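The following exercises are to be worked with the sequence and the model at hand. Each task is followed by a solution in steps.

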Amino acid sequence: MSKVKSIIILIVTALVVGFFGFACFVSGPVPNSVKDYKSVFGSISKGIDLAGGYYAVLEPNGKADISDGEMSSIMDTIRKRLSDNGYDNVWIEKQDSTSIRVEIPEVKNPEDVLKYVGSQGKLEFRDSSGTVWLTGKDVKNAGMGYDENGNPAVTLEFTADGQKKFKDATAHVSSSSDKKLYIYLGDEQVSAPTCESEINSKTAQIQLNGGSAEEAKSLASVITSGSLEVDLKMVESGAMSATLGQNAVNNAMLAAGIGLIVIFLLLIAFYGGMGIAAAIALLVYVLLYVGVLAVFPFVQLTFPGIAGIILSIGMAVDANVVIFDRVKEEYASGKTRKAAISVGYKHAVVTVIDSNVTTLLAAGVLWILTSGSLKGFAITLFLGTVVSMITAIFVTRAFTSVVAGLVKEDRRDRFLSLKREVEAA
């Protein structure tokens with residue numbers, strides 16, 4: 001690559017990195033506007049340890065023998081209620097065998113939250129006029145299934161009495177103007193399937209018209225929890241202050257920034273031009289990583305999550321070191337620069353993938369089996385490791401060629417810190 005072309009690419013890269021770096025980390029007032037700009041990093045939702053929030057402990061009122069499946073359905077219903085009302089990053093778990101603890105970060109109106117996590121409400125099947133045809137006691141079970149076209153749907157199973165009531169309900173609704181049977185949990189409408197004809201069956205399906213399997217599972221859980229007719233009482237609730245706060249985030253990010261600068265200097269000192277390419281790739285990695293964290297709604301920034309971010313950066317650095325050392329070994333053994341880079345990357349990438357897959361498996365298990373702050377750590381580590389592999393394998397190699405073009409051909413080997421083995425006399 002020519003020197004002019006390399007300089008142009010690096011200038012464009014610097015401008016792009018600078019622009020996205022500003023967008024990712026700088027917040028402040030918008031010129032000629034009363035609104036403030038919130039950085040991409042700042043838009044990532046924060047956990048209770050960083051932002052504070054509200055908590056509530058719920059217990060079933062008058063029903064002690066609740067199975068794990070029933071408890072799970074109740075928790076899914078609470079989670080859906082909160083999500084539908086803008087509270088996506090909630091932590092819900094069983095506190096003991098009969099109670100549920102709900103923690104919601106960044107609560108603006110505690111009274112609304114209490115309303116959403118309070119009584120389950122009664123499950124009712126109504127027509128457009130509000131007439132109730134069935135209740136939760138008429139539904140024996142609800143689960144995810146598939147319709148005749150293979151699309152996700154919700155399968156309902158009725159009791160004997162419920163089957164008769166459902167037959168009457170569908171006969172009435174199918175002859176009405178809107179042909180809809182409205183399903184309510186308390187005062188909240190959870191579904192409104194269309195009934196084209198009378199249905200006299202022990203089972204029925206709610207088609208979601210293109211909805212996902214997750215939507216089908218969620219709706220089935222809501223209906224199941226409503227059919228339990230469990231009334232929840234709130235035994236404890238209150239505000240939770242941020243145990244760490246924004247200062248902890250700022251200090252952690254400052255530490256990460258200082259650490260990156262030190263890493264850049266060490267990479268350049270040990271690997272020359274390849275170290276410069278790695279430093280550029282790491283900057284690209286950081287911006288991509290922040291973008292990925294902001295895009296996915298299930299990411300919640302907690303202090304352990306920040307630890308996962310910093311560990312992921314370390315994984316990215318380690319991948320570059322492994323690759324560069326292998327390239328230097330190949331060159332020292334007598335290969336040309338281009339051959340050494342090609343063979344070195346080919347062999348080192350296998351090692352990088354092997355080591356990162358181990359990390360991904362561990363993070364994946366933590367993601368699935370844990371909750372709360374530990375889950376936040378697992379999520380940031382998993383996503384960061386995936387992004388680090390991509391940047392180390394593809395971005396660093398591309399910029400190695402770009403950086404090498406800054407010097408003349410006869411000086412490129414030395415510029416990239418590539419040396420031959422010294423033969424013994």
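**Exercise 1.** State in which helix Asn 356 is placed, whether Asn 356 is buried or exposed, and which residues Asn 356 is in contact with.

*Solution.* Step 1: Asn 356 has its place in helix H9; helices (H or I, at least four residues) and strands (E, at least two) are DSSP runs, numbered from the N terminus. The model is a predicted one, in which local features need pLDDT of at least 70 and side-chain atom pairs count only at pLDDT 80 or more, while totals for chains, interfaces and linings use all residues. Residues are numbered from 1 along each chain as its sequence is written, and side-chain values use heavy atoms, with hydrogens and water left out.

Step 2: With a relative accessible area of 2%, Asn 356 is buried (buried means under 20% relative accessible area, exposed over 50%, partly exposed in between; 1.4 Å probe, protein chains only).

Step 3: Neighbours within four places in sequence being set aside, Asn 356 is in contact with Met 315, Thr 385, Ser 388 and Met 389 (contact means heavy atoms within 4.5 Å).

**Exercise 2.** Describe how helix H8 and helix H9 pack.

*Solution.* Step 1: The axes of H8 (residues 303-332) and H9 (residues 337-369) lie 7 Å apart, at an angle of about 145 degrees. Axes are lines fitted to C-alpha atoms, for helices over the stretch in contact, and angles run from 0 to 180 degrees between N-to-C directions.

Step 2: Residues of H8 including Met 315, Ala 319 and Val 322 meet residues of H9, among them Ala 348, Val 352 and Asn 356.

Step 3: The residues of this contact of H8 with H9 comprise 13 nonpolar, five polar and three charged (Ala, Val, Leu, Ile, Met, Phe, Trp, Tyr, Cys and Pro count as nonpolar, Asp, Glu, Lys and Arg as charged, and the others, Gly among them, as polar).

**Exercise 3.** Identify the buried residues of H5, and state which strands they pack against.

*Solution.* Step 1: Gly 162, Phe 166, Ala 169, Thr 170, Val 173 and Ser 174 are the buried residues of H5.

Step 2: They cover an arc of only 115 degrees around the axis and therefore lie on the same side of H5 (the arc is that of the directions from the helix axis to the C-beta atoms).

Step 3: The buried residues of H5 pack against strands S7 (132-135), S9 (152-158) and S12 (203-207).

Step 4: On the face of H5 turned away from its buried side are the exposed residues Ala 160 and Lys 164.

**Exercise 4.** What share of the 425 residues of the protein counts as buried?

*Solution.* The share is 45%; the secondary structure comes to eleven helices and 13 strands.
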